[in-house]
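Here is a short report on selected backbone features. Look at the structure, then read on.

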Amino acid sequence: MLDGRLRLRRAVPVMGTMVSFDVPGSANGAVDEAVRWLHWVDRTFSTYRPDSAICRLDRGELSLAECPPEVAFVLASCEAVAAVSDGYFSVRAAGVLDPSGYVKGWAIERAAQLLTAAGSESHCVNGGGDVQCAGPGPRSGGLWRIGISDPLQPGSLVCVVSGRDFAVATSGIAERGAHIIDPCTGRPPSGLASVTITGPSLALADAYATAAFAMGQPRAREWADGLVGYAAFGITADGSTWRTSAFGGT
Amino acid sequence: MRRVIFAIVGTIAGLAALLSFKSHEPATVAATSGATGATGATGAATATGKPPAGERDIDGNVANTVYGPVQVQVVVKDSKIVDVKILEQPSSTANDLQIGQFAFPQLIKETLAAQSAHVDSVSGATYTSGGYVQSLQSALDNGA
């Protein structure tokens with residue numbers, strides 16, 4: 001089924017980052033459709049495009065009903081995550097309407113679903129460090145191996161998450177600096193260098209990682225321990241690590 | 001138009017407020033009996049078809065947009081929201097991953113020299129398209 005000789009890898013600049021497709025054994029056509037979807041998401045949800053639906057909605061030029069239905073869906077989902085995270089996940093953390101903390105993971109997850117719908121049984125989509133993999137991995141044993149970046153030592157990994165059909169999202173200080181704001185204080189959170197969430201859905205993993213990072217230490221760990229269906233791995237500013245009990249491994 | 005947003009937000013915020021009162025039956029939201037098809041595929045542990053004791057699914061009100069209805073379902077355990085599902089969204093694939101059947105990936109701590117770690121992909125804080133150039137992911141995409 002999986003032909004080891006075929007392995008499509010493609011990186012596409014979209015949504016302000018790079019989205020990497022890894023499709024063992026297939027199918028450029030399906031990837032093209034997924035790329036079109038990601039560009040549509042960018043046009044619709046980008047806070048950097050004044051003509052995006054999200055910006056026009058925020059300025060009052062569009063009603064929610066006039067926006068594509070995905071906007072209502074995303075905002076409703078964001079509110080739900082805000083409720084689950086005691087408000088640490090917020091679409092208005094920085095004042096303006098900005099659902100990016102949910103949108104990216106959601107868009108990548110659905111891109112992976114589009115590949116599945118097009119017949120791909122195995123693939124991995126990585127949107128700027130947030131990963132959704134489906135089916136068996138291309139290695140022996142049929143597992144995907146996703147490395148977790150070391151936020152304190154760029155270019156190195158701290159551990160590997162291995163399995164099939166799972167999502168991994170990481171929020172942290174690396175690369176973009178302190179871009180997540182604690183909505184309660186208006187300042188970057190402290191104590192955590194990065195937090196990784198794994199579970200079935202990248203949309204929720206991404207939003208949960210954003211919320212957990214905004215909480216900082218030690219609250220992030222306590223909160224993540226109560227998540228159902230999702231596990232967390234944290235790296236503190238001093239380099240020590242923790243994981244929630246749901247995480248199996250060695 | 002803000003009223004429309006607040007209507008949705010209000011529905012969910014109201015839902016959350018109601019949920020904080022244990023054993024209070026929310027009047028403004030429907031219990032899930034009508035949505036059996038979707039319910040079977042949702043919830044933290046509903047793979048067997050019935051939520052465990054102390055856990056229940058609550059459907060949010062349907063928000064009608066010109067494109068079709070949008071509806072969110074919330075899974076509640078011990079008066080706390082533990083999961084959120086999308087029951088209905090226009091023109092989309094069903095988001096029906098079953099957490100009850102989800103097998104957690106293994107977390108492996110090993111001696112990791114990055115280049116010899118044999119990984120397929122890398123998760124980390126979001127990089128810009130500029131930062132990507134120096135990233136390990138970039139090397140992987142190039143077939144490293």
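## Two aspartates with positive phi

Asp86(A) sits in the loop between helix H3 (69–84) and helix H4 (100–117) of chain A. Helices (H or I, at least four residues) and strands (E, at least two) are DSSP runs, numbered from the N terminus. Asp86(A) is not a glycine, yet its phi is positive, about 55°. Most residues other than glycine have a negative phi, and most peptide bonds are trans. Asp86(A) counts as partly exposed because its relative accessibility is 49%. Buried means under 20% relative accessible area, exposed over 50%, and partly exposed in between (1.4 Å probe, protein chains only).

Asp165(A) lies in the loop between strand S6 (157–163) and strand S7 (166–172) of chain A. Asp165(A) is not a glycine either, and has a positive phi of about 55°. At 39% relative accessibility, Asp165(A) counts as partly exposed.

## Model and numbering

The model is predicted: local features need pLDDT of at least 70, side-chain atom pairs count only at pLDDT 80 or more, and totals for chains, interfaces and linings use all residues. Residues are numbered from 1 along each chain as its sequence is written, chains are lettered from A and ligands numbered from 1 in the order in which they are written, and side-chain values use heavy atoms, leaving out hydrogens and water.

## Helix H5 and what follows

H5(A) is mostly covered, with 14 of its 14 residues buried. After H5(A) comes Gly216(A), with a positive phi near 70°.

The peptide bond from Gln217(A) to Pro218(A) is cis, with omega near -5°. Pro218(A) is in the loop between H5 and helix H6 (219–225) of chain A.
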